[in-house]
Amino acid sequence: MLTEQFPWLTTLVVLPLLAILPIPWLPNRNGQTLRWYALGVGFIEFSLIIYTFVNFYSLDQSGLQLVERYNWVPQVGLTWSLAADGLAMPLVVLSGLVTTLAILASWNITRRPRLYFSLLLVMYSAQVGVFLAQDLIMFFFMWELELVPVYLLISIWGGKQRLYAATKFILYTAIGSIFILVAALAMAFYGDTVTFNLTELAQKDYSLTFQLWVYAAFLVAFAVKLPIFPLHTWLPDAHSEAPAAVSMILAGVLLKMAGYGLIRMNIEMLPDAHLYFAPVLAVLGVVNVIYASMTAFAQDNLKRRMAYSSVAHMGFVLIGCASFTTLGMSGAMLQMISHGLIAATMFFLSGVTYERTHTLDMDEMGGMARKMPTTFAFFTAASMASLALPGMSGFVSEIAVFLGLATSDAYSTTFKTAIIVLSAAGVVLSPIYLLSMLRRIFYGDAGQVVAKVSGILDIRPREAFVAACLLVPIIGIGLYPKLATQVYDVKTVEVASRVQNTLLAAEHPSPLYAHILVAPRVTVAELPTAGLTQID
């Protein structure tokens, strides 16, 4: 059919970019025209995402679907190559939802609105391009494309320290991105053929030493964006100064680009090296969880506390990726989806609070529940999801990560127990700093700012709609996880099976891990069921 041959994925990538072209000539009476135009583009893009995947994507296939490949720069072997699978599709949907709602959350932007909404649309395109790219240089190009809009959005529309935060963001992320380019060139020119296609790169027979160096290069790049301690310090500064809508995209989508890259590049393409680095990922995940949870206590700035919460929650992605089980890998994917929704909700509501009080200092707040009861209800629901309350998506994803590691045959009992106990301590800490945040903002006597402002307006219908659109899938996934897991289950089984095959074929990866990483005592015939459990 003609509809099946239509370049749907290319349309999804280029539509937001093409929609920027009329913006300089659009009339803008009181800012209404630009707002509605940008929102219309975002809604059309999100509708096309849903339409494409509902009609032309099969949940039963683990391979690439909707493959589109065109010569882009044939002189250097660069192709415009796009495709979707279980890793990419749910994150494209997440990107569409969060970015469209971020446009709606930007309704009060009056300063240079043409540039502001143009930059949001550039980010929209770049995010979709990163998840769908099947050419490593194209992946790098899209990865770099989103850096400049974020830098400008923070430096122009941010807070008092916006230039410092924006500069720190661009330095960290741009330097980290260099490692992606170096790794891409090394993999492309390895062996007799030169290619940047991800499928062809995964089929090359790399030496172990080469894999270790390339894995390390990718890991550094993704560690900056995920972020992983100690390369995380740009994130609290960026969040504390960025507009609420930019923080929604930053936490809800951009951090997930690194998690996606870690699974796609490091685990799927370099399984031999993953045997050596998996224990490192597990340890780094625990460090993220404990360090960020404890550091969150010391933050009086509302958005900085949320930023450290994001660092802690992304630590569970690392632990899931290190588990060698389908359940753990599924938990890592679900944690990315869940955190994307929860973090976007939290940062949006912080923006709602800031618009009323003009402060992010929790010491100046207090007693706001009386003046903003509906906002308080939304904030409480989002916080409960963030602290992994049963019935919310955060609980399902974190318990899947724990069970995935606990049922893994790859590690010694001592190592698994240490990782689980330490990361569980972080789970205990998250309710403390989140409930403390709620108490300082909404309970007690009115703070300095609240006491001086009379008649603080509660959340508006438009803002309540944005929060509800994010909370509904959070609760839906929490009550029925299969809403999300069925989208990527087939793919996570494939990825986990590949690394388990690699583990079975190898001796102990290194004397360093002789007492940590233990090859499972199963036969190849038993592999499809060994340690593989899916979430229903």
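I began with Leu66, which sits in strand S1 (residues 65–73). Strands here are DSSP runs of E, at least two residues long, and helices are runs of H or I, at least four long, both numbered from the N terminus. The model is predicted, so I kept in mind that local features need pLDDT of at least 70 and side-chain atom pairs count only at pLDDT 80 or more, while totals for chains, interfaces and linings use all residues. Residues are numbered from 1 along each chain as its sequence is written, and side-chain values use heavy atoms, with hydrogens and water left out.

Most residues other than glycine have a negative phi, and most peptide bonds are trans. Leu66 has a positive phi, near 55 degrees. Is Leu66 buried or exposed? Leu66 counts as buried because its relative accessibility is 18%; the cut-offs are under 20% relative accessible area for buried, over 50% for exposed and partly exposed in between, with a 1.4 Å probe and protein chains only.

I found Phe324 in the loop between H14 and H15, and at 2% relative accessibility it counts as buried.

Next I looked for cis peptide bonds. One joins Leu226 and Pro227, with omega about -5 degrees. Another joins Phe229 and Pro230, with omega about 10 degrees. Where does Pro227 lie? Pro227 is in the loop between helix H10 (208–225) and helix H11 (234–241), and Pro230 is placed in the loop between H10 and H11.

**Helix pairs**

Two packed helices are described by the angle between their axes and the distance between the axes. The axes are lines fitted to C-alpha atoms, for helices over the stretch in contact, and angles run from 0 to 180 degrees between N-to-C directions.

For helix H13 (residues 271–297) and helix H14 (residues 302–321), I noted axes that come within 7 Å and cross at roughly 155 degrees. That makes H13 roughly antiparallel to H14 (under 35 degrees is roughly parallel, over 145 roughly antiparallel, 65 to 115 roughly perpendicular, the rest oblique). Their contact residues divide into 16 nonpolar, six polar and one charged.

Then I turned to helix H6 (residues 136–145) and helix H12 (residues 244–269), whose axes come within 13 Å and cross at roughly 170 degrees. H6 and H12 are therefore roughly antiparallel. Which residues meet here? Leu136, Phe139 and Trp143 in H6 meet Met257, Ala258, Tyr260 and Met265 in H12, where contact means heavy atoms within 4.5 Å. I logged seven nonpolar residues in this contact, no polar and no charged.

**Two buried side chains**

Thr345 is in helix H15 (residues 326–357) and counts as buried, at 0% relative accessibility. A polar atom of the Thr345 side chain lies 2.7 Å from the backbone oxygen of Leu341. Leaving aside neighbours within four places in sequence, Thr345 is in contact with Ala382, Leu470, Leu471 and Ile474.

My last stop was Ser386, in helix H17 (residues 373–386). Ser386 is buried, with a relative accessible area of 6%. What does Ser386 touch? Not counting residues up to four places away in sequence, I listed Ser309, His313, Ile342, Glu398 and Leu434.

How values were computed:
Nonpolar A, V, L, I, M, F, W, Y, C, P; charged D, E, K, R; others polar. Polar contact = N/O pair within 3.5 Å; in protein donor to acceptor, adjacent residues only side chain to side chain.
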